[in-house]
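Here is a short briefing for a first look. Keep the sequence and the model open while reading.

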Amino acid sequence: MSTDKLQQPLLVVEDDLALQKQIKWSLDRFESVTAHDRESAMTQVRRYAPAVVTMDLGLPPDADSVSEGFKLLEQILAAAPDTKVIVLTGQNDQSNAVKAVGMGAYDFLAKPFEPEVLNLCVERAFRLHHLQAENKRLRAMQMPDALSGLVTRDPQMLRICRTIEKVANTNASVMLLGESGTGKEVLARGLHQQSNRKGNFVAINCAAIPENLLESELFGYEKGAFTGAAKTTPGKIETAHGGTLMLDEIGDMPMPLQAKLLRFLQERIVERVGGRQGIPVDVRVVCATHQNLAQCIKEGRFREDLYYRLAEIVVEIPPLRARVGDAALLAHSFVRRFGGEHGRSLTLADDALRAIETYSWPGNIRELENRIKRATIMADGNQITADDVGLAGADGTEDDRSLDLRLTREAAEQRAVLAALARADGTVAKAADLLGVSRPTLYDLMHRLGLKI
């Protein structure tokens with residue numbers, strides 16, 4: 001392993017300053033930070049996210065007991081499960097060392113230790129941490145990216161994707177506005193994945209949790225804070241430390257809780273229910289709602305100062321009925337996905353496509369997904385009809401002639417090309433036939449309109 005400085009440092013937890021300096025000197029090839037008690041150690045964990053920790057079990061205020069050390073070990077592993085903790089124990093402290101390993105510590109060494117042995121142990125811990133992090137990274141690379149996998153050709157949605165990419169690596173709070181089922185959480189996850197944040201993406205629906213429980217869900221609670229609080233539990237905000245917190249349906253958050261959220265956004269410190277100690281948290285906040293927040297502010301149901309804290313970047317997501325060609329494009333995508341899951345090779349019949357294109361989709365993408373999923377199960381043949389999709393009575397009067405460019409005014413060219421490509425599932429030759437033009441002509445049109453092939 002290289003002895004170069006590491007991005008994630010080593011944390012040395014030792015209350016004896018002389019021994020603390022000796023350990024740092026012994027491990028001088030590693031970048032290190034220090035702490036002398038449980039509180040300062042957790043502060044360093046939150047600030048630096050150390051890859052490896054060496055710690056003594058005997059810590060103040062009761063250095064003769066191991067209780068503080070075990071509490072610290074539990075807190076470190078809860079806050080950063082991938083951190084490798086090496087416990088330094090006395091010669092006759094074998095039972096506590098075994099207990100520490102049983103709790104999740106990586107290894108233990110007896111004092112006094114040989115510097116070479118300590119170096120080897122720390123190096124192996126760093127190597128394991130690096131390998132596990134690399135394994136996670138490679139697994140993540142194999143997963144589809146939320147933004148690159150977003151199915152759309154609509155110019156407005158493509159502009160929204162560019163906006164998400166631009167703000168991803170900033171700390172700006174983002175407000176996603178749109179009807180239910182338009183893909184707000186998909187965009188929020190895409191924002192997180194495009195960012196350089198290494199922590200978790202944590203989502204909570206403010207409308208789905210009773211008002212009396214929402215505070216403890218968000219901010220956590222201390223043991224004994226209320227009936228049933230059997231142990232100290234971190235909230236969603238703490239869980240998202242280093243990552244992204246999505247507050248879905250923020251317009252339904254109760255006014256008293258809005259004040260506490262505003263205080264957190266100003267100070268970036270969480271105070272658990274029943275607790276007195278502030279906990280610093282680094283988190284990116286993304287909010288979503290289908291409500292008109294300006295109207296909520298006028299009616300006194302939403303704080304104006306909180307809105308401006310949350311809405312540094314506002315993204316308005318159009319409903320599916322306003323996205324040119326996206327309904328058919330998404331329908332093709334869902335047919336491939338669900339058909340593959342059920343081992344069926346299916347296509348959409350012309351009457352199904354016409355019905356899908358002309359239906360208003362009040363439930364947006366979620367409704368389309370559910371209808372197509374049902375249709376892939378219920379369809380008798382290899383083609384999904386309008387009846388299979390449940391749209392047999394929908395107004396499907398539009399036919400292919402409405403996509404003929406020779407009959408379409410110049411101002412509607414983009415709409416016609418997008419609709420044709422969507423109906424043809426991206427096949428340029430078929431889209432050209434629908435439009436009544438040659439493939440070279442369609443390629444020229446796509447280039448002029450800035451559409452990707």
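Helix α10 covers residues 255–267, which makes 13 residues; at 1.5 Å a residue they should span 18 Å, and the end C-alpha atoms are 19 Å apart, which agrees. The expected span is 1.5 Å times one less than the number of residues. This is a predicted model, where local features need pLDDT of at least 70 and side-chain atom pairs count only at pLDDT 80 or more, while totals for chains, interfaces and linings use all residues. Residues are numbered from 1 along each chain as its sequence is written, and side-chain values use heavy atoms, with hydrogens and water left out.

**Helix α10**

- Helices (H or I, at least four residues) and strands (E, at least two) are DSSP runs, numbered from the N terminus.
- Leu 257, Gln 258, Leu 261, Leu 262, Phe 264 and Leu 265 are the buried residues of α10. Buried means under 20% relative accessible area, exposed over 50%, and partly exposed in between (1.4 Å probe, protein chains only).
- Down the axis of α10, the buried residues fall within an arc of 160°, so they line one face of the helix. The arc is that of the directions from the helix axis to the C-beta atoms.
- These buried residues pack against α8 (211–219), α9 (236–239), β8 (244–248), β9 (269–270), β11 (284–289) and α12 (304–310). Contact means heavy atoms within 4.5 Å.

**Helices α3 and α4**

- The axes of α3 (residues 67–79) and α4 (residues 94–103) come within 10 Å and cross at roughly 20°. That makes α3 roughly parallel to α4. Angles under 35 degrees count as roughly parallel, over 145 as roughly antiparallel, 65 to 115 as roughly perpendicular and the rest as oblique.
- From α3, the contact uses Phe 70, Leu 73, Glu 74 and Leu 77; from α4, Asn 96, Lys 99, Ala 100 and Met 103.

**Glu 249**

- Glu 249 sits in the loop between β8 and α10. Its relative accessibility is 9%, so Glu 249 counts as buried.
- Glu 249 and Gln 291 are 42 residues apart along the chain, yet their C-alpha atoms are separated by 7.9 Å.
- Leaving aside neighbours within four places in sequence, Glu 249 is in contact with Ser 180, Asn 205, Cys 206, Ala 207, Ala 288, Thr 289 and His 290.

**Thr 376**

- Thr 376 belongs to helix α15 (residues 364–378). With 0% relative accessibility, Thr 376 counts as buried.
- Not counting residues up to four places away in sequence, Thr 376 touches Val 335, Phe 338, Gly 339, His 342, Arg 344, Leu 346 and Ile 384.

Note on methods: Axes are lines fitted to C-alpha atoms, for helices over the stretch in contact, and angles run from 0 to 180 degrees between N-to-C directions.
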